[in-house]
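Please read these points with the model open.

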Amino acid sequence: LSAQGAMAVGAARPVLNLLRLSRLPIYTQLNLEEALLRATKDNWLIVNDGAFSPSIVIGISGRPAELVHCKSALESGVPALRRFTGGGTVVVDADTVFATLIMEGSALPDVECFPQPIMKWTEQLYRPAFAAAGCKDFGLRENDYIVAGGRKVGGNAQAITGKRWLHHTSFLWDYDPARMALLRHPPKAPKYREGRGHDDFVTRLCEVL
């Protein structure tokens, strides 16, 4: 962890376990994440380079009929599943890069266990990496990671249990416009979206890195 992000616990820095995966099915990944959050006290960074197959992932309180063109999704063979965290609805596939942080609150005592402080800390964590890769305008806008003054490249969601939290992100390395069109314009959209359709609202990381 970075200098200000990783705080000392006693005389030692906390340990962050890294788990690198590739093409793990998103359903399996979500089960794994929830188990690590609830059944362990360890800190984890999980990176999954692409889902095994396309899926639509809906937040825990989302209503499919309001968020997904269900008939079109069925005809396209793209299943929908509900995750254990909040946040919006996303289409994921082999071109989605997933990054998940699971942390004990005591490992980061300066980060309050609430969504906005957690997201602000992750923005500070990821921004230098994006800048080093040539993307100097990476930032957090409301609940999303954005570039190019307001184009979404990453959607976020959290789960918080006591003083332990999970923050996971789906980064759009690339995407299929036909699959993106399976999503309806959500009833509750971020203000910065300003009514834009998917093609004008999101962009591909492969075009900016």
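1. Rings of Phe, Tyr and Trp (its six-membered ring) are taken as a pair if their centres lie within 6.5 Å; planes under 30 degrees apart are stacked, over 60 edge-to-face, and the rest tilted. On that basis the whole structure holds eight aromatic pairs. The model is predicted: local features need pLDDT of at least 70 and side-chain atom pairs pLDDT 80 or more, while totals for chains, interfaces and linings use all residues. Residues are numbered from 1 along each chain as its sequence is written, and side-chain values use heavy atoms, without hydrogens and water.

2. The Tyr 145 and Phe 171 pair is stacked, because the ring centres are 5.7 Å apart and the planes are at 10 degrees. Tyr 145 lies in strand β8 (residues 144-147) and Phe 171 in strand β10 (residues 164-172), so the pair ties together parts 26 residues apart in sequence. Strands (E, at least two residues) and helices (H or I, at least four) are DSSP runs numbered from the N terminus. Tyr 145 has a relative accessible area of 0% and Phe 171 one of 6%, so both count as buried (under 20%; exposed is over 50%, partly exposed in between; 1.4 Å probe, protein chains only).

3. Tyr 145 and Phe 171 also belong to one aromatic cluster with Tyr 126, Phe 130 and Phe 138.

4. Glu 142 has a phi near 55 degrees, positive although the residue is not glycine. Glu 142 sits in the loop between β7 (139-141) and β8 and is partly exposed, at 35% relative accessibility. Ala 148, in the loop between β8 and β9 (151-161), likewise has a positive phi, near 55 degrees. Most residues other than glycine have a negative phi.

5. A pocket is an open set of points on a 1 Å grid over the protein atoms alone, where a 1.4 Å probe fits, with protein on both sides within 12 Å along at least five of seven lines; lining residues have an atom within 4 Å of a point. A volume is the space filled by probe spheres set on the points, which are joined across faces, edges and corners. The second largest pocket has about 390 Å³. Its lining has 16 residues, with Val 97, Ala 99, Tyr 126, Phe 130 and Phe 171 nearest the centre. α4 contributes the most to this lining, four residues.
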